[in-house]
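Here is a short briefing on one protein model. Look over the sequence and the fold, then read on.

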Amino acid sequence: MRALFSQNRPQNIPPIEEELGCPSLQESIEKTRGALEAAYAGFDNAVEPDLIDCYIYEINAQLKKYKYLSDLAAHEHSLQAAAKPEASDQKSSVRALVGHVFG
């Protein structure tokens with residue numbers, strides 16, 4: 001049994017993270033949305049009380065994950081919007097500068 005659980009990992013096998021890569025935020029949201037739809041479908045078809053409870057917990061977990069990812073996407077969007085000033089903002093700041101200089 002000890003050989004099965006040894007800590008020595010063969011050197012030629014890459015870690016799972018390297019094989020799969022890190023999914024994008026949009027991919028994670030789509031995956032979570034699919035898992036949420038599957039949990040709702042399971043809940044709709046469940047008849048055993050324990051299985052119903054299981055799907056309720058699964059739905060709540062997926063909803064929290066979806067909310068977290070949505071908030072993260074909104075935060076990234078606001079950071080990107082703040083990094084790129086809009087054309088109207090640039091024009092108004094240029095006009096203010098020109099007005100100040102030529103006054």
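Does Asp71 count as buried, partly exposed or exposed? Asp71 counts as partly exposed, because its relative accessibility is 42%. The cut-offs are under 20% relative accessible area for buried, over 50% for exposed, and partly exposed in between, with a 1.4 Å probe and protein chains only.

This is a predicted model, where local features need pLDDT of at least 70, side-chain atom pairs count only at pLDDT 80 or more, and totals for chains, interfaces and linings use all residues. Residues are numbered from 1 along each chain as its sequence is written, and side-chain values use heavy atoms, with hydrogens and water left out.

**Overall make-up**

- The protein has four helices and zero strands. Helices (H or I, at least four residues) and strands (E, at least two) are DSSP runs, numbered from the N terminus.
- Read from the N terminus, the order of elements is α-α-α-α.
- Of the 103 residues in the protein, 11% are buried.
- The accessible surface is about 9100 Å², and carbon and sulfur atoms hold 59% of that. Areas come from the Shrake-Rupley method with a 1.4 Å probe; for residues, only the protein chains shown count as cover.
- Among contacts with a separation of 6 or more, 52% join residues 24 or more positions apart. Contact means heavy atoms within 4.5 Å.

- Helix H3 covers residues 49–83, which is 35 residues. At 1.5 Å a residue it should span 51 Å, and its end C-alpha atoms are 51 Å apart, so the two agree. The expected span is 1.5 Å times one less than the number of residues.
- Ile59, Gln62 and Leu69 are buried in H3.
- The buried residues of H3 pack against helix H2 (25–45).

- Leu25 lies in helix H2. Leu25 counts as buried because its relative accessibility is 19%.
- Leu25 and Leu69 are 44 residues apart in sequence, yet their C-alpha atoms are 7.3 Å apart in space.
- Setting aside neighbours within four places in sequence, Leu25 contacts Leu69, Leu72, Ala73 and Glu76.
- Ser28 also belongs to helix H2. At 19% relative accessibility, Ser28 is buried.
- Ser28 touches Pro23 and Leu69, not counting residues up to four places away in sequence.
- Thr32 sits in helix H2. Thr32 is buried, since its relative accessible area is 2%.
- Beyond neighbours within four places in sequence, Thr32 is in contact with Gln62, Lys65, Tyr66 and Leu69.
- The Thr32 side chain reaches the backbone oxygen of Ser28 at 2.8 Å.

**Salt bridges**

- The structure holds two salt bridges. A salt bridge is a side-chain nitrogen of Lys or Arg within 4 Å of a carboxyl oxygen of Asp or Glu.
- One joins the side chains of Glu30 and Arg33, at 3.0 Å from N to O. Both residues lie in helix H2, three residues apart, about one turn of the helix.
- Glu30 is partly exposed at 39% relative accessible area. Arg33 is partly exposed at 32%.
- Asp71 forms a salt bridge with Lys67, with the closest N and O atoms 2.9 Å apart. Asp71 and Lys67 both lie in helix H3, four residues apart, about one turn of the helix.
- Lys67 counts as exposed, because its relative accessibility is 52%.

Key:
Polar contact = N/O pair within 3.5 Å; in protein donor to acceptor, adjacent residues only side chain to side chain.
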